[in-house]
Amino acid sequence: MEENLPANAAVGNGAGVIDYERVLELALEIGVGILSCGGSVSRVETAVDRICRAYSAEEANVAAFPSMVIASVRTSDGHEHSYMKRVYSTSNNLALLEKYNQLSRDVCTEKYPVEKALKMCFEVSHSKPRNKWVTIVGSALVAGTYSIFFGGSLIDFVPAFIVAFVMAGINELLSTRSLNAYATTFILALLGGVLSVSLCKLFVICGLECHGSRVMIGTIMILVPGLLTTNAVRDMFTGDLMSGTFQLLNGVLITLVIAAGYGVAVLMLRSITDFIPYATRTGWQYYVYFLVSGTLGAASVCMFFNLKLKRLGWAVLASAITLGVYVGLSELFSKGDVFMPIFLSTLFAGLLSEVFARVIKMPATVVLVPAIIAYVPGSSLYYAVQAIVEGDMATATANGSVCLITLLALAVGICVATVLFRLIAPVKLRFYKKNKFAEMRRAAKYANKQTDNEQKKHSNKKDG
């Protein structure tokens, strides 16, 4: 993969010379494709760097941000080329992410002519679009299963499914408008809160025991930026501090917008909102509900993120194993310890996803996100908002602390797993060394040239 082609290889425009403007265009088209589908910044930089080097670039420098990718290359003859491409929208499309990732590998391995590779990239970008109905149904299943996962009953599944179905449909409509992510999230959160309270009240009037709090927690799970936060933490601990910090701040702001939307909805409908205290399950019932609903929730998340069917089994397997590890750890540590069980199970999920990624050749994100999505603090976020609406600031602070501790445990677990694998395979360090060696060769070449010039001047003076 790292092997370079000769400078006269027929990979350019047909004239036997590499067109590095087109090489950069190819590299950034693939990089932006990865980024727009939910890939991490570090993956983008690695892919762009490898593609440039596959086409004999002596030195490559790449800087990827959530909104743009910039790259420059230096050729063996000393020429420099640069290219920049903006990212206007992002989505959680893991199937398309895997296609772009595989294309980047194929380009580096096979070293296609640039025009052929660009055509292949165009075909990937215009491949069959994701099935919107699968995404909508997947989001509805996510809300329904996690309403049960966080303490609800089978009856709570129905209103959560209906509300999330409507929210996902509205989201598809809003995606065609020029609204930013914060405005869209607030509208969906407000809509989800109003519909959850109203529909649950209707169920209660009809004689069915339905809990608005559990339903709202389930619908919150389709809005919480789990993939964004995961990528942000991984980027920060692979050296992309600026990009990671920006994405993490973006995730925090989206979480606050979600809280604001549901808070306004609960405040508007406070007179009919069902504030039933959280009832924990115990014994075998807890384990059955936890493992079954958590695993089904992970499968629903895979549908929601448009994961390929052949990858679904790996993601669900990782989720089931990780949930089993969490159950064992929660019994090992005290009931009030939130941090350690989530941290250790997230660490396990991170290591498992890295192993799966290398065994079956796919991005680790495809396995990691479904495996840890159950730990996203949707319930603590809701109960913090509920306590604020009721004016109980002590409870709000306690639930807010649980939410922050959970996020911290997730972040630290992902970080440690990433650092451990980077110690084994330090990808960016390898690229840094290659650039350093290229700089040393360039400096030596310049020094030799200066020496030759001095010798010529000395020779000319002697002859004169």
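**Helix pairs and a core: a working chat**

Mentor: Let's start with α1 and helix α2 (residues 41–54), whose axes come within 9 Å and cross at roughly 160°. Axes here are lines fitted to C-alpha atoms, for helices over the stretch in contact, with angles from 0 to 180 degrees between N-to-C directions. Helices are DSSP runs (H or I, at least four residues), numbered from the N terminus.

Trainee: What does that make α1 relative to α2, roughly?

Mentor: Roughly antiparallel, because angles over 145 degrees count that way. The crossing of α1 and α2 is right-handed; that means the near helix is turned clockwise from the far one by less than a right angle.

Trainee: Where did this structure come from?

Mentor: This is a predicted model, where local features need pLDDT of at least 70, side-chain atom pairs count only at pLDDT 80 or more, and totals for chains, interfaces and linings use all residues. Residues are numbered from 1 along each chain as its sequence is written, and side-chain values use heavy atoms, leaving out hydrogens and water.

Trainee: Which residues in α1 meet which in α2?

Mentor: On the α1 side they include L24, L26 and I30, and on the α2 side V44, A47 and I51. Contact means heavy atoms within 4.5 Å. By class, this contact has 14 nonpolar, one polar and one charged residues. Ala, Val, Leu, Ile, Met, Phe, Trp, Tyr, Cys and Pro count as nonpolar, Asp, Glu, Lys and Arg as charged, and the others, Gly among them, as polar.

Trainee: How many residues has the largest nonpolar core?

Mentor: It has 115 residues, and L26, Y55, V107 and Y146 have the most contacts inside it. Helix α1 (residues 20–36) gives the most to this core, with 10 residues. A nonpolar core is a set of buried Ala, Val, Leu, Ile, Met, Phe, Trp, Tyr and Cys residues joined through side-chain atoms within 4.5 Å. Buried means under 20% relative accessible area, exposed over 50%, partly exposed in between (1.4 Å probe, protein chains only).

Trainee: New topic: how do α13 and α14 cross?

Mentor: The axes of helix α13 (residues 339–360) and helix α14 (residues 365–372) come within 8 Å and cross at roughly 155°. So α13 is roughly antiparallel to α14. Their contact has six nonpolar, three polar and no charged residues.

Trainee: And where does I187 lie?

Mentor: In helix α7 (residues 181–205). I187 counts as partly exposed because its relative accessibility is 36%.

Trainee: What is I187 in contact with?

Mentor: Leaving aside neighbours within four places in sequence, L174 and L179. I187 and L174 are 13 residues apart in sequence and 9.5 Å apart in space, C-alpha to C-alpha.

Definitions and conventions: Helices (H or I, at least four residues) and strands (E, at least two) are DSSP runs, numbered from the N terminus. Angles under 35 degrees count as roughly parallel, over 145 as roughly antiparallel, 65 to 115 as roughly perpendicular and the rest as oblique.
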